[in-house]
Amino acid sequence: MPSQSQPTGERRPRGMVIDRAWRELGPGLEPLSGPGGAPLTRTVKLILLPLVVRPALRPELAADFLDAGEAGRLGELIRECGARLEATARWFTLLKRTRRALGVVAGNPQDLYFQRCFEMATEHGAPAAGADAVARAVLEDIADAAGGRTVEALKDHLADTARRSRLDAELAAAWGDRRTAPAQDAVAGVALAAEVLEACGPPAPGKGAPAFTAMVEGGHGSLLGRALWARASGVWGRDDLPAHLGLTVHQVPPRPAVGRSASTATLSAPFDRTLFERLFTVLQSSAHREELPAVPELVRREAGRSCAPLGLYDESLRVAVVLGGRLAVGLDPLGGQDSGAGRAGLTAAHRAVNSRWQREASVLRARRMTVSPGPAPDPDGGVLDALAQDLRTPWAAYMRRLWVRLHGRDVRDAPLDDTASAWAVLDGVARSVMMDHRARVRSALRTLAAAPARASEASSA
Amino acid sequence: MPQAAGIEVTRDADGTVRVGGEPACPAFTRAVLDVAGAVLTWPVLDEPAPPAAEIHDPERAQQWLWAVHGERVAAAVHDRAAGGPDGVRVAYGATALAGGAARLALGHWAARWWPASYADGIPALEPDVLGLELAALTHQCQQLFDTAFDDQPDDCVAELIEEHQAALDPLLQWWRATPGPTGTGRHLDGVLRLLDDAADSAGMDGPALRRLRSALDRRPPAGAPLDLGALFARPRDYALAAGGPPAAGGRVIARGSGNNDWLRYPPGLVDAAEDAVSWTARAVGARRRIEVEVVADAAAPVAGAPLVAEVRVNGGRAHRVPLARRDDLWTGLADLRLDADTDLDADRELERGLPAMPPRIEVGVLLPGFDPGTGAPGDAVHRDAVRALARQRLAAARPSPYDTHDIHDAYDSHSGPFLAEIAAAATEEDF
């Protein structure tokens with residue numbers, strides 16, 4: 001590779017050090033390399049960093065820039081692993097071939113197999129006689145990792161009438177035992193949330209913010225949940241927004257039903273979902289199903305959870321709903337709307353997310369994927385105007401997304417430890433809402449461009 | 001790529017680190033790419049240069065910065081992110097990844113803004129051929145994307161292959177008919193092998209992909225020359241120039257051409273020519289009517305797109321006139337209502353048929369719900385520059401007996417023609 005500009009001091013980008021060391025390993029690594037010979041992004045993220053470089057053991061190699069000694073050490077680690085990496089590449093090729101032969105298409109093979117291939121290379125070396133059988137066994141093992149935690153299993157479990165009526169009675173009892181709280185208790189939490197959000201965002205998200213811990217200890221998430229049951233209002237400092245921020249279509253969350261079917265297209269608002277629908281969304285996302293409790297336990301716990309404040313057990317996750325709500329009411333995806341967002345008071349977190357929205361808007365303009373940004377609906381706008389409407393009320397989509405993510409964590413027993421991890425979730429949800437929007441604009445425009453000779457009357461609407 | 005010119009690295013109050021300044025040019029002349037931790041922007045009308053980068057996550061961006069902008073810029077971004085001194089100019093030096101990224105961004109731009117026009121003689125680019133080449137380029141640029149978050153819509157190899165796989169078999173046919181050693185032959189071969197590798201990496205499978213794989217395994221000798229026009233022809237569902245306008249009757253008061261603002265409707269609906277929008281105002285008895293005609297894009301759907309014309313008289317309130325598809329035109333007809341509160345005098349003059357001061361009529365075309373508002377007054381100049389760029393690229397893509405495409409390194413060069421451009425240039429005569 002041409003060395004263009006001379007090194008800046010002795011420190012070099014770690015990515016470049018890895019790239020050079022990788023290329024020096026020579027042939028045999030093509031299955032783990034990109035078209036230009038660089039290691040695949042996933043090779044770096046799933047094999048080289050966690051299994052070869054292991055920055056957890058060598059913190060000096062965790063930095064983005066390395067000095068000459070560190071760079072040398074990193075190169076050495078990769079060189080030492082050359083034979084094992086080549087064997088990893090051959091196992092990967094074998095697994096891909098076997099997968100095709102078995103007709104498996106679900107999932108990204110790099111995500112699914114990279115780590116296993118490295119383990120097999122460590123254990124067996126390169127594939128030898130009998131490797132086909134090993135590959136088959138590994139594929140079956142990975143496919144079975146869900147261990148019966150599937151929507152199908154949930155359906156079977158809830159098909160039993162006696163079990164359903166038992167669950168229904170449990171729900172009725174738990175729902176009857178709820179305690180409510182007055183709205184002002186929730187208002188206090190919202191004020192604290194602004195403090196936490198001010199500590200979020202760059203440059204050092206979550207540094208020195210004891211307010212999050214204080215909110216968890218003060219049970220401010222539960223207080224919001226209990227206030228919602230009591231038909232609270234004026235919680236968010238804006239009279240135009242319901243206290244539940246669209247988490248239910250009713251004024252007060254209704255008692256959850258058991259349910260026995262669901263479809264992604266017709267999911268109700270989170271608090272209005274049946275037990276079945278709540279678990280359906282968890283079982284549908286294929287990631288790490290092996291970490292979930294088995295289906296009967298999943299159902300048993302969901303019955304209690306669905307009657308808990310905000311439909312969540314863990315207090316840190318409930319507090320994240322308060323944070324998310326406080327953030328959501330100040331979101332401004334259309335730019336300069338001042339739709340009360342200013343009145344509610346903007347924090348560092350708002351500035352970070354809103355500037356991200358503006359960047360997204362400018363990309364969408366350059367990609368010719370706009371929706372009319374006006375503050376009022378366009379009666380001729382059709383499906384695109386519906387998408388614009390979602391941007392005018394961004395808190396609804398944001399809260400739905402956030403709740404589903406928090407619920408997923410609750411089911412997996414993954415609380416939020418501090419402001420930084422809460423911010424990572426809040427920020428990630430903002431990105432997902434943006435990506436959802438873009439995907440929906442794309443699909444609306446595609447439908448339009450491919451429209452057959454129908455619905456031309458719509459133009460007169 | 002030019003070498004060692006300086007590029008500025010700055011940090012905004014909200015923590016965003018910028019490499020280079022945001023180009024001040026209309027949205028339709030900007031090629032953009034969402035990559036790990038940043039958005040990259042290239043002005044398509046300028047000379048090739050490293051992209052401006054708006055970096056919202058400097059840590060994630062370190063994965064590609066050293067390869068796109070060089071390690072000095074990478075180090076400067078690292079320093080700025082940590083709060084180092086601001087506004088430093090840094091020498092950049094780029095690797096092959098920079099060229100690939102520019103080409104990928106330009107391809108995405110062409111998919112949205114290519115100024116296809118019958119009147120201007122600029123043929124459309126076959127979307128599936130372009131889409132597959134974009135998939136190949138995305139795979140080639142895999143270092144730009146990371147796997148940590150689901151927020152890089154341009155990291156979409158599998159989706160692109162899925163959506164555009166209808167072109168796989170035609171591309172294979174083209175590849176079989178093209179001698180390997182020529183520029184186009186190598187170009188086709190490169191794209192198809194990248195697609196095969198990308199599909200394999202992503203674990204995709206299907207009949208067309210299997211045909212691709214087995215074809216690539218053993219290359220047959222080049223077959224008989226191929227009619228590219230027939231290979232990529234899209235059925236037209238209307239006859240060109242079929243008759244005149246509907247008999248509106250009446251006396252023509254005024255006519256003129258409207259504003260064809262590309263920003264206000266999505267691609268594929270309206271011919272990109274500057275004069276594609278025209279209007280005629282007539283007096284029919286006591287009524288005043290306006291008739292709007294908009295030349296349709298050759299690929300536009302016959303129905304389903306509720307385009308409207310926006311009519312404004314004497315700077316008054318804008319009225320919408322629904323457009324319907326008739327042959328190669330979108331047409332609409334409406335009573336010309338002059339707002340009582342805007343200009344009564346003009347109204348009266350028109351009523352009396354005294355066009356001492358003919359009404360000033362402005363007509364635009366837009367898609368409701370999509371329209372982000374009108375562009376800047378100077379956009380027409382940029383639109384002309386985009387047409388010139390398209391013509392120049394088509395000329396460079398035109399088949400030549402010497403097959404000059406091999407003077408480009410077809411994948412790394414920012415400016416080498418896309419396969420869709422080569423196909424379009426080859427069929428231009430039929431167009």
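## Exercises on the contact of chain A and chain B

Chain A and chain B share 25 residue pairs in polar contact, both residues at pLDDT 80 or more (N or O atoms within 3.5 Å; within protein, one must be able to donate a hydrogen and the other to accept it, and residues adjacent in sequence count only if both atoms are side-chain atoms). This is a predicted model: local features need pLDDT of at least 70, side-chain atom pairs count only at pLDDT 80 or more, and totals for chains, interfaces and linings use all residues. Residues are numbered from 1 along each chain as its sequence is written, chains are lettered from A in the order in which they are written, and side-chain values use heavy atoms, without hydrogens and water.

**Exercise 1.** Describe the side of chain A that touches chain B.

Step 1. Sort its residues: 26 are nonpolar (Ala, Val, Leu, Ile, Met, Phe, Trp, Tyr, Cys and Pro), 17 polar and 21 charged (Asp, Glu, Lys and Arg). The others, Gly among them, count as polar.

Step 2. Count the contact, meaning heavy atoms within 4.5 Å. Chain A gives 64 residues and chain B gives 70 residues.

**Exercise 2.** Find the salt bridges across the interface.

Step 1. Apply the rule: a side-chain nitrogen of Lys or Arg within 4 Å of a carboxyl oxygen of Asp or Glu.

Step 2. Look at one of them: Arg12(A) pairs with Glu71(B) at 2.4 Å, N to O.
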